[in-house]
Amino acid sequence: MTIAFIDLQAQRQRIAGRIDAAIARVLADGRFVMGPDVAELERQLSAFSGAQHTLSCANGTDALALPLMAWGVGPGDAVFCPSFTFAATAEVLPWVGATPVFVDVLPDTYNMDPAHLEAAIAAARAEGLAPKVVIAVDLFGQPADYPAIAAIARKNGMKLIADSAQSFGCTLDGKHPIAWADAVTTSFFPAKPLGCYGDGGAVQTNDAALWDVMDSLRIHGKASAADVKATTFAHDPKYMNTRIGMNSRLDTLQAAILIEKLAIFADEIALRQTVAQRYNAGLRDAVLQVPEVIAGGVSTWAQYTIEVADRDGLANALKGQGVPTAVYYPVPMHMQSAYAPLSRAPGGLPVTEAKARTVVSLPMHPYLDEATQDHIIAAVRAFAR
Ligand SMILES: *Cc1c(COP(=O)(O)O)cnc(C)c1O
(Lines give C-alpha, C1' and ligand atoms only; values in the text may rest on other atoms or scores of the structure.)
Protein backbone atom coordinates (compact mmCIF):
# COMPACT_ATOMS: atom_id res chain seq x y z
CA MET A 1 0.00 0.00 0.00
CA THR A 2 1.45 3.40 -0.98
CA ILE A 3 -0.25 6.41 0.45
CA ALA A 4 -0.09 9.92 -1.02
CA PHE A 5 1.16 12.65 1.31
CA ILE A 6 -1.24 15.03 -0.43
CA ASP A 7 -3.59 13.33 -2.91
CA LEU A 8 -4.29 15.90 -5.63
CA GLN A 9 -5.72 13.24 -7.94
CA ALA A 10 -8.65 12.57 -5.58
CA GLN A 11 -9.71 16.21 -5.91
CA ARG A 12 -9.10 16.11 -9.65
CA GLN A 13 -11.43 13.11 -10.01
CA ARG A 14 -14.17 15.02 -8.19
CA ILE A 15 -14.13 18.06 -10.49
CA ALA A 16 -12.24 16.87 -13.59
CA GLY A 17 -15.18 17.58 -15.91
CA ARG A 18 -15.56 21.17 -14.71
CA ILE A 19 -11.81 21.87 -14.75
CA ASP A 20 -11.34 20.43 -18.22
CA ALA A 21 -14.25 22.53 -19.50
CA ALA A 22 -12.78 25.68 -17.91
CA ILE A 23 -9.38 25.00 -19.51
CA ALA A 24 -10.99 24.34 -22.90
CA ARG A 25 -12.94 27.60 -22.60
CA VAL A 26 -9.76 29.63 -21.94
CA LEU A 27 -7.89 27.88 -24.79
CA ALA A 28 -10.72 28.74 -27.19
CA ASP A 29 -10.95 32.31 -25.92
CA GLY A 30 -7.22 32.93 -26.21
CA ARG A 31 -6.83 35.71 -23.62
CA PHE A 32 -4.05 33.93 -21.72
CA VAL A 33 -2.71 36.94 -19.82
CA MET A 34 -5.10 39.10 -17.72
CA GLY A 35 -8.12 37.43 -19.34
CA PRO A 36 -11.58 37.85 -17.80
CA ASP A 37 -11.20 34.92 -15.38
CA VAL A 38 -8.48 36.82 -13.50
CA ALA A 39 -10.76 39.66 -12.34
CA GLU A 40 -13.60 37.17 -11.77
CA LEU A 41 -11.38 35.06 -9.48
CA GLU A 42 -10.26 38.20 -7.64
CA ARG A 43 -13.92 39.11 -7.05
CA GLN A 44 -14.71 35.61 -5.78
CA LEU A 45 -11.68 35.49 -3.48
CA SER A 46 -12.72 38.84 -1.97
CA ALA A 47 -16.24 37.53 -1.41
CA PHE A 48 -14.88 34.34 0.17
CA SER A 49 -12.92 36.07 2.91
CA GLY A 50 -14.70 39.42 3.19
CA ALA A 51 -11.76 41.43 1.84
CA GLN A 52 -12.58 44.56 -0.14
CA HIS A 53 -9.91 43.96 -2.79
CA THR A 54 -7.89 41.02 -4.11
CA LEU A 55 -4.89 41.24 -6.43
CA SER A 56 -3.78 38.00 -8.03
CA CYS A 57 -0.09 37.57 -8.89
CA ALA A 58 2.45 35.00 -10.03
CA ASN A 59 3.14 33.24 -6.71
CA GLY A 60 2.90 33.54 -2.95
CA THR A 61 6.41 34.97 -2.69
CA ASP A 62 5.66 37.92 -4.97
CA ALA A 63 2.44 38.36 -2.99
CA LEU A 64 4.61 39.15 0.06
CA ALA A 65 6.96 41.42 -1.91
CA LEU A 66 4.19 43.50 -3.53
CA PRO A 67 2.87 45.26 -0.38
CA LEU A 68 6.43 45.78 0.92
CA MET A 69 7.37 47.44 -2.39
CA ALA A 70 4.16 49.47 -2.43
CA TRP A 71 4.83 50.75 1.10
CA GLY A 72 8.41 51.64 0.18
CA VAL A 73 9.97 49.37 2.81
CA GLY A 74 13.75 49.41 2.39
CA PRO A 75 17.20 49.78 3.95
CA GLY A 76 17.18 50.64 7.65
CA ASP A 77 13.70 49.17 8.08
CA ALA A 78 13.11 46.17 10.33
CA VAL A 79 10.50 43.61 9.31
CA PHE A 80 9.48 41.05 11.94
CA CYS A 81 8.56 37.50 10.98
CA PRO A 82 8.84 33.98 12.36
CA SER A 83 11.94 31.91 11.66
CA PHE A 84 9.88 28.72 11.82
CA THR A 85 8.39 29.14 8.34
CA PHE A 86 8.94 28.51 4.65
CA ALA A 87 11.87 30.50 3.20
CA ALA A 88 9.67 32.85 1.16
CA THR A 89 8.43 34.71 4.25
CA ALA A 90 11.95 35.96 4.95
CA GLU A 91 13.33 35.90 1.40
CA VAL A 92 11.42 38.98 0.28
CA LEU A 93 13.01 41.16 2.99
CA PRO A 94 16.57 41.24 1.58
CA TRP A 95 14.94 41.77 -1.85
CA VAL A 96 13.77 45.21 -0.72
CA GLY A 97 16.85 45.85 1.44
CA ALA A 98 15.01 45.53 4.76
CA THR A 99 16.46 43.72 7.79
CA PRO A 100 14.62 40.52 8.78
CA VAL A 101 14.12 40.28 12.54
CA PHE A 102 13.10 36.77 13.49
CA VAL A 103 10.53 36.25 16.22
CA ASP A 104 10.05 33.07 18.23
CA VAL A 105 6.86 31.01 18.09
CA LEU A 106 4.43 29.70 20.68
CA PRO A 107 5.03 26.05 21.65
CA ASP A 108 1.45 24.90 21.09
CA THR A 109 0.42 26.61 17.81
CA TYR A 110 3.88 27.20 16.20
CA ASN A 111 2.72 30.74 15.37
CA MET A 112 4.32 34.08 16.29
CA ASP A 113 4.78 34.74 20.02
CA PRO A 114 3.35 38.25 20.67
CA ALA A 115 5.52 38.75 23.79
CA HIS A 116 8.69 38.00 21.86
CA LEU A 117 7.48 40.26 19.04
CA GLU A 118 7.34 43.17 21.51
CA ALA A 119 10.83 42.36 22.79
CA ALA A 120 12.17 42.10 19.22
CA ILE A 121 10.69 45.49 18.29
CA ALA A 122 12.40 47.10 21.30
CA ALA A 123 15.72 45.41 20.43
CA ALA A 124 15.54 46.53 16.80
CA ARG A 125 14.78 50.10 17.85
CA ALA A 126 17.71 50.09 20.27
CA GLU A 127 19.91 49.04 17.35
CA GLY A 128 18.78 52.02 15.28
CA LEU A 129 16.50 50.11 12.93
CA ALA A 130 13.03 51.48 12.11
CA PRO A 131 10.32 48.91 12.89
CA LYS A 132 8.05 48.99 9.81
CA VAL A 133 6.16 45.76 9.19
CA VAL A 134 5.12 42.59 11.00
CA ILE A 135 4.62 39.48 8.87
CA ALA A 136 2.63 36.94 10.87
CA VAL A 137 2.55 33.47 9.33
CA ASP A 138 -0.51 31.24 9.60
CA LEU A 139 1.56 28.10 9.87
CA PHE A 140 0.26 24.68 8.86
CA GLY A 141 -3.23 26.14 8.26
CA GLN A 142 -4.13 27.95 11.46
CA PRO A 143 -4.43 31.68 12.13
CA ALA A 144 -1.84 33.50 14.22
CA ASP A 145 -2.96 35.39 17.35
CA TYR A 146 -4.18 38.40 15.34
CA PRO A 147 -5.89 40.37 18.11
CA ALA A 148 -2.61 40.48 20.07
CA ILE A 149 -0.29 40.91 17.07
CA ALA A 150 -2.42 43.61 15.41
CA ALA A 151 -2.54 45.57 18.68
CA ILE A 152 1.28 45.52 18.89
CA ALA A 153 1.65 46.51 15.23
CA ARG A 154 -0.80 49.40 15.64
CA LYS A 155 0.77 50.62 18.89
CA ASN A 156 4.15 50.81 17.13
CA GLY A 157 2.82 52.42 13.95
CA MET A 158 3.64 49.34 11.88
CA LYS A 159 1.88 47.58 9.00
CA LEU A 160 0.72 43.98 9.42
CA ILE A 161 0.89 41.32 6.72
CA ALA A 162 -0.75 37.92 7.23
CA ASP A 163 1.25 35.30 5.30
CA SER A 164 -1.64 32.91 4.74
CA ALA A 165 0.09 30.92 1.99
CA GLN A 166 -0.68 27.69 3.84
CA SER A 167 -3.90 28.89 5.35
CA PHE A 168 -6.15 30.87 3.03
CA GLY A 169 -9.64 30.20 4.38
CA CYS A 170 -8.62 29.94 8.05
CA THR A 171 -10.65 31.96 10.56
CA LEU A 172 -10.36 33.26 14.11
CA ASP A 173 -13.60 33.98 15.99
CA GLY A 174 -15.37 33.58 12.66
CA LYS A 175 -13.27 36.22 10.91
CA HIS A 176 -10.58 35.85 8.24
CA PRO A 177 -7.14 37.40 8.92
CA ILE A 178 -8.10 40.37 6.71
CA ALA A 179 -10.16 41.56 9.70
CA TRP A 180 -6.83 42.47 11.37
CA ALA A 181 -4.12 42.62 8.68
CA ASP A 182 -3.34 45.45 6.25
CA ALA A 183 -2.57 42.81 3.65
CA VAL A 184 -3.21 39.07 3.54
CA THR A 185 -1.10 37.06 1.12
CA THR A 186 -1.57 33.55 -0.17
CA SER A 187 -0.06 31.01 -2.54
CA PHE A 188 -1.76 28.76 -5.07
CA PHE A 189 1.19 26.35 -5.29
CA PRO A 190 -0.45 22.96 -6.02
CA ALA A 191 0.12 21.48 -2.56
CA LYS A 192 -1.38 24.42 -0.65
CA PRO A 193 -4.98 23.96 0.55
CA LEU A 194 -6.23 26.16 -2.32
CA GLY A 195 -3.78 25.28 -5.11
CA CYS A 196 -3.80 25.63 -8.88
CA TYR A 197 -1.97 23.57 -11.54
CA GLY A 198 1.26 25.57 -11.40
CA ASP A 199 2.37 28.71 -9.59
CA GLY A 200 0.05 31.46 -8.44
CA GLY A 201 -0.62 33.83 -5.57
CA ALA A 202 -2.75 36.69 -4.32
CA VAL A 203 -2.78 39.70 -1.97
CA GLN A 204 -5.94 40.88 -0.25
CA THR A 205 -6.44 44.31 1.27
CA ASN A 206 -9.15 46.74 2.33
CA ASP A 207 -6.97 49.64 1.10
CA ALA A 208 -8.00 50.64 -2.44
CA ALA A 209 -4.93 52.85 -2.89
CA LEU A 210 -2.62 49.96 -1.94
CA TRP A 211 -4.37 47.69 -4.45
CA ASP A 212 -3.91 50.32 -7.16
CA VAL A 213 -0.14 50.61 -6.54
CA MET A 214 0.28 46.81 -6.39
CA ASP A 215 -1.69 46.52 -9.65
CA SER A 216 0.89 48.84 -11.20
CA LEU A 217 3.83 46.96 -9.65
CA ARG A 218 2.66 43.55 -10.94
CA ILE A 219 2.70 44.88 -14.52
CA HIS A 220 6.13 46.56 -14.73
CA GLY A 221 5.10 49.70 -12.87
CA LYS A 222 2.56 50.73 -15.54
CA ALA A 223 0.66 53.92 -14.77
CA SER A 224 -1.94 52.96 -12.17
CA ALA A 225 -5.57 54.08 -12.24
CA ALA A 226 -4.71 56.82 -9.72
CA ASP A 227 -1.69 57.90 -11.83
CA VAL A 228 -3.91 58.18 -14.91
CA LYS A 229 -6.43 60.28 -12.97
CA ALA A 230 -3.75 62.62 -11.59
CA THR A 231 -1.61 63.04 -14.72
CA THR A 232 -2.17 63.83 -18.38
CA PHE A 233 0.14 61.43 -20.19
CA ALA A 234 1.37 62.28 -23.68
CA HIS A 235 1.32 58.59 -24.62
CA ASP A 236 -0.78 55.49 -23.94
CA PRO A 237 -0.60 55.13 -20.10
CA LYS A 238 -0.05 51.40 -20.67
CA TYR A 239 3.48 52.28 -21.77
CA MET A 240 4.12 54.91 -19.11
CA ASN A 241 6.08 53.37 -16.23
CA THR A 242 5.54 55.44 -13.14
CA ARG A 243 7.43 53.12 -10.76
CA ILE A 244 9.89 50.21 -10.90
CA GLY A 245 7.73 47.12 -11.02
CA MET A 246 7.93 43.47 -11.91
CA ASN A 247 6.13 40.87 -14.00
CA SER A 248 3.86 39.04 -11.60
CA ARG A 249 0.56 38.12 -13.16
CA LEU A 250 -1.60 35.05 -12.56
CA ASP A 251 -2.23 33.15 -15.81
CA THR A 252 -5.83 33.19 -17.02
CA LEU A 253 -5.72 29.38 -17.16
CA GLN A 254 -4.78 29.18 -13.48
CA ALA A 255 -7.51 31.68 -12.58
CA ALA A 256 -10.09 29.57 -14.44
CA ILE A 257 -8.88 26.43 -12.63
CA LEU A 258 -8.97 28.21 -9.27
CA ILE A 259 -12.57 29.37 -9.82
CA GLU A 260 -13.59 25.70 -10.05
CA LYS A 261 -11.50 24.73 -7.02
CA LEU A 262 -12.81 27.65 -4.95
CA ALA A 263 -16.36 26.37 -5.56
CA ILE A 264 -15.60 23.25 -3.46
CA PHE A 265 -13.06 24.84 -1.10
CA ALA A 266 -15.40 25.44 1.87
CA ASP A 267 -16.49 21.81 1.66
CA GLU A 268 -12.85 20.68 1.52
CA ILE A 269 -11.99 22.75 4.61
CA ALA A 270 -14.86 20.97 6.42
CA LEU A 271 -13.56 17.57 5.26
CA ARG A 272 -10.10 18.48 6.59
CA GLN A 273 -11.59 19.13 10.06
CA THR A 274 -12.90 15.57 10.17
CA VAL A 275 -9.54 14.12 9.16
CA ALA A 276 -7.67 16.24 11.73
CA GLN A 277 -10.11 15.33 14.52
CA ARG A 278 -9.72 11.61 13.76
CA TYR A 279 -5.94 11.95 13.86
CA ASN A 280 -6.08 13.84 17.16
CA ALA A 281 -8.38 11.22 18.71
CA GLY A 282 -6.18 8.36 17.49
CA LEU A 283 -2.80 9.84 18.40
CA ARG A 284 -3.22 12.17 21.37
CA ASP A 285 -2.03 9.61 23.94
CA ALA A 286 0.68 8.11 21.70
CA VAL A 287 2.94 11.07 20.78
CA LEU A 288 4.55 14.04 22.54
CA GLN A 289 2.14 16.53 20.98
CA VAL A 290 -0.79 16.57 18.57
CA PRO A 291 -1.65 19.90 16.93
CA GLU A 292 -3.47 22.48 19.02
CA VAL A 293 -5.54 25.12 17.22
CA ILE A 294 -5.78 28.57 18.81
CA ALA A 295 -9.02 29.09 20.81
CA GLY A 296 -11.72 30.30 18.39
CA GLY A 297 -9.62 29.29 15.37
CA VAL A 298 -10.45 27.11 12.37
CA SER A 299 -7.44 25.64 10.58
CA THR A 300 -7.33 24.69 6.91
CA TRP A 301 -4.93 21.90 7.94
CA ALA A 302 -2.31 22.44 5.25
CA GLN A 303 -0.23 20.08 7.39
CA TYR A 304 -1.04 17.69 10.20
CA THR A 305 2.07 17.99 12.34
CA ILE A 306 2.89 15.96 15.45
CA GLU A 307 5.93 15.89 17.72
CA VAL A 308 7.81 12.75 18.67
CA ALA A 309 11.12 12.13 20.44
CA ASP A 310 12.60 9.95 17.67
CA ARG A 311 11.45 11.62 14.48
CA ASP A 312 13.83 9.78 12.15
CA GLY A 313 12.90 6.45 13.70
CA LEU A 314 9.21 7.17 13.20
CA ALA A 315 9.72 8.30 9.60
CA ASN A 316 11.62 5.08 8.81
CA ALA A 317 9.06 2.86 10.47
CA LEU A 318 6.22 4.58 8.61
CA LYS A 319 8.07 4.40 5.31
CA GLY A 320 8.25 0.62 5.74
CA GLN A 321 4.45 0.61 5.94
CA GLY A 322 3.94 2.80 2.87
CA VAL A 323 3.26 5.95 4.88
CA PRO A 324 5.13 9.07 3.72
CA THR A 325 6.10 11.82 6.17
CA ALA A 326 7.72 15.23 5.82
CA VAL A 327 9.55 17.62 8.12
CA TYR A 328 8.46 21.26 8.08
CA TYR A 329 10.92 22.76 8.93
CA PRO A 330 14.21 21.05 9.83
CA VAL A 331 16.36 24.21 9.76
CA PRO A 332 14.77 27.49 10.89
CA MET A 333 15.46 30.56 8.77
CA HIS A 334 17.75 32.27 11.31
CA MET A 335 20.03 29.21 11.14
CA GLN A 336 20.24 29.17 7.32
CA SER A 337 23.67 30.32 6.14
CA ALA A 338 22.31 32.86 3.65
CA TYR A 339 20.24 34.60 6.31
CA ALA A 340 22.52 34.54 9.33
CA PRO A 341 24.57 37.61 8.31
CA LEU A 342 21.52 39.67 7.25
CA SER A 343 19.13 39.01 10.06
CA ARG A 344 18.52 39.41 13.79
CA ALA A 345 17.07 36.96 16.29
CA PRO A 346 17.06 38.92 19.53
CA GLY A 347 17.67 36.73 22.57
CA GLY A 348 17.70 33.60 20.44
CA LEU A 349 14.71 31.53 19.39
CA PRO A 350 14.63 28.58 21.82
CA VAL A 351 11.11 27.38 20.99
CA THR A 352 11.76 27.49 17.24
CA GLU A 353 15.02 25.55 17.63
CA ALA A 354 13.41 22.91 19.86
CA LYS A 355 10.42 22.42 17.55
CA ALA A 356 12.63 22.08 14.48
CA ARG A 357 14.06 18.93 16.10
CA THR A 358 10.77 17.18 16.94
CA VAL A 359 8.07 18.06 14.37
CA VAL A 360 6.97 15.62 11.68
CA SER A 361 3.96 15.87 9.39
CA LEU A 362 1.64 13.03 8.37
CA PRO A 363 -0.39 12.62 5.16
CA MET A 364 -3.18 15.20 5.12
CA HIS A 365 -5.80 16.09 2.52
CA PRO A 366 -9.59 16.32 2.36
CA TYR A 367 -10.01 12.92 0.70
CA LEU A 368 -8.00 10.79 3.15
CA ASP A 369 -10.39 7.88 3.70
CA GLU A 370 -10.93 6.31 7.13
CA ALA A 371 -9.30 2.96 6.33
CA THR A 372 -6.12 4.63 5.08
CA GLN A 373 -6.08 6.97 8.02
CA ASP A 374 -6.56 4.08 10.47
CA HIS A 375 -3.56 2.36 8.86
CA ILE A 376 -1.47 5.51 9.42
CA ILE A 377 -2.65 5.90 13.01
CA ALA A 378 -1.91 2.24 13.76
CA ALA A 379 1.57 2.56 12.25
CA VAL A 380 2.37 5.61 14.41
CA ARG A 381 1.00 3.89 17.52
CA ALA A 382 2.98 0.71 16.82
CA PHE A 383 6.22 2.71 16.64
CA ALA A 384 5.43 4.87 19.65
CA ARG A 385 4.67 1.83 21.80
C1 LIG B 1 4.40 28.39 0.12
C2 LIG B 1 4.67 29.54 1.00
C3 LIG B 1 5.02 30.80 0.49
C4 LIG B 1 5.39 31.06 -0.94
O5 LIG B 1 4.50 30.67 -1.90
P6 LIG B 1 4.99 30.37 -3.40
O7 LIG B 1 3.71 30.42 -4.16
O8 LIG B 1 5.63 29.02 -3.38
O9 LIG B 1 5.91 31.45 -3.81
C10 LIG B 1 5.14 31.86 1.38
N11 LIG B 1 4.96 31.68 2.69
C12 LIG B 1 4.64 30.48 3.23
C13 LIG B 1 4.44 30.37 4.71
C14 LIG B 1 4.49 29.36 2.40
O15 LIG B 1 4.20 28.18 2.94
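## Arg31 and its partner

Let's start with Arg31, which is partly exposed at a relative accessible area of 46%; here buried means under 20% relative accessible area, exposed over 50%, and partly exposed in between, with a 1.4 Å probe and protein chains only. Arg31 pairs with Asp29 in a salt bridge whose closest N and O atoms are 2.9 Å apart. The term salt bridge stands for a side-chain nitrogen of Lys or Arg within 4 Å of a carboxyl oxygen of Asp or Glu. Asp29 is partly exposed too, with 38% relative accessibility.

A word on the ground rules: this is a predicted model, in which local features need pLDDT of at least 70, side-chain atom pairs count only at pLDDT 80 or more, and totals for chains, interfaces and linings use all residues. Residues are numbered from 1 along each chain as its sequence is written, and side-chain values use heavy atoms, with hydrogens and water left out.

## Other salt bridges

The structure holds 18 salt bridges. In one of them, the side chains of Asp77 and Lys132 meet at 3.0 Å, N to O. This pair joins distant parts of the chain, with Asp77 in strand β2 (residues 77-82) and Lys132 in strand β4 (residues 130-137), 55 residues apart. Helices (H or I, at least four residues) and strands (E, at least two) are DSSP runs, numbered from the N terminus. Asp77 is buried at 6% relative accessibility, while Lys132 is partly exposed at 36%.

Asp227 and Arg243 form another salt bridge, with their closest N and O atoms 3.1 Å apart. Here too distant parts of the chain are linked: Asp227 belongs to helix α8 (residues 225-230) and Arg243 to the loop between α8 and α9, 16 residues apart. Asp227 is buried, with a relative accessible area of 15%, and Arg243 is partly exposed, with 23%.

The chain divides into domain 1 (8-262) and domain 2 (266-384), with bounds from an automatic or database domain assignment. Their centres, taken over C-alpha atoms, are 25 Å apart. Contact, meaning heavy atoms within 4.5 Å, involves 47 residues of domain 1 and 41 residues of domain 2. The two domains bury about 3,500 Å² between them, 59% of it from carbon and sulfur atoms. On the domain 1 side, Phe84, Phe102 and Phe140 lose the most area to domain 2, together 19% of what that side buries. Buried area is the accessible area (1.4 Å probe) that two parts lose on being put together, summed over both.

Two salt bridges are counted between the domains, and 24 residue pairs are in polar contact, both at pLDDT 80 or more. At least two residues each of the domain 1 side that touches domain 2 come from α1 (8-29), α4 (88-96), β3 (99-103), α5 (114-126) and β6 (171-172). β3 gives the largest share of that side, five residues. A polar contact is a pair of N or O atoms within 3.5 Å; within protein, one must be able to donate a hydrogen and the other to accept it, and residues adjacent in sequence count only if both atoms are side-chain atoms.

## Leu262 in helix α9

Leu262 lies in helix α9 (residues 252-263) and is buried, with a relative accessible area of 8%. Leaving aside neighbours within four places in sequence, Leu262 is in contact with Leu41, Gln44, Leu45, Phe48 and Leu194.
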